[in-house]
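Here's a quick tour of the model shown below. Have it open and follow along.

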Amino acid sequence: MRRNEANGRFIFEFNGKTIYEWEQSLEGVSIYVKPPPFVEKGNQIRCEIAPKYLQLGLQGGSQWFLSEPTGGLVDVSESTWSLEEDDSQKNQMLICIYLIKAHKGEQWNTALAGTHSATTLDPVAMEEVKKDLMLERFQEEHPGFDFRDADFNGAVPEPRVFMGGVKYS
């Protein structure tokens, strides 16, 4: 899995084709999927979000485009999806799936677990994500400070449990 330098998202590819892009924050994981070109409205899409599973396909279709376990536990009642215009490509739609983490601050090493080893992040990328989550947590807990240029010496701690854990608001 590699990172899209333009938007910072991770790209999951299979047989040389981008299947989806994803990113995460303290609160959730966002997955971005390009639908077939004929999809213009949300009612053409079928998306089912379960606590440990995601399915995505076309309304009335017999097969799922994505049908995979999620990378962590999902708060289904707060999660959603939408069909939006793709900011990076004119006249292109994008399915945006917003999975809210059941455990705020938990690091997911993948958006969708799948059966392919390429779905998980490599150790260097995992440390970068952990760093991003810690900086986001620091910013949330100390809104008057600017942590954009902050760095860590040594291993980055787990954002969910570091110094008493994430505070829920």
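How many aromatic pairs does a search of the whole structure find? The search turns up five. Keep in mind that this is a predicted model.

## Aromatic rings

Take F138 and F147, one of those pairs: their ring centres sit 5.7 Å apart, with 45° between the planes, which makes the pair tilted. F138 comes out as buried, at 17% relative accessibility, and F147 also counts as buried, at 18%; the cut-off for that label is under 20%.

F138 belongs to helix α1 (residues 123-141) while F152 is in the segment after α1, so the pair ties together parts that are 14 residues apart in sequence.

Now for the strands. Six of them make an open sheet with antiparallel pairing, in the order β1-β2-β3-β4-β9-β8. The edges go to β1 (2-3) and β8 (80-85); each has a single partner strand, so one side of each lacks a neighbour in the sheet.

Within the sheet, β2 (residues 10-14) runs antiparallel to β3 (residues 17-24), and five bridges join the two.

## A charge over a ring

One last stop: R9 lies over the face of Y32, 3.6 Å from the ring centre.

Terms used:
Residues numbered from 1 in each chain as written. Predicted model: local features only at pLDDT ≥ 70, side-chain atom pairs only at ≥ 80, totals over all residues. Heavy atoms only, no water. Pairing = 2+ DSSP bridges. Helix = DSSP H or I, 4+ residues; strand = E, 2+ residues; numbered from the N terminus. Phe/Tyr/Trp six-rings, centres within 6.5 Å; stacked < 30°, edge-to-face > 60°. Buried < 20%, exposed > 50% of the residue type's maximum accessible area, 1.4 Å probe, protein only. Lys NZ or Arg CZ within 6 Å of the ring centre and 35° of its normal.
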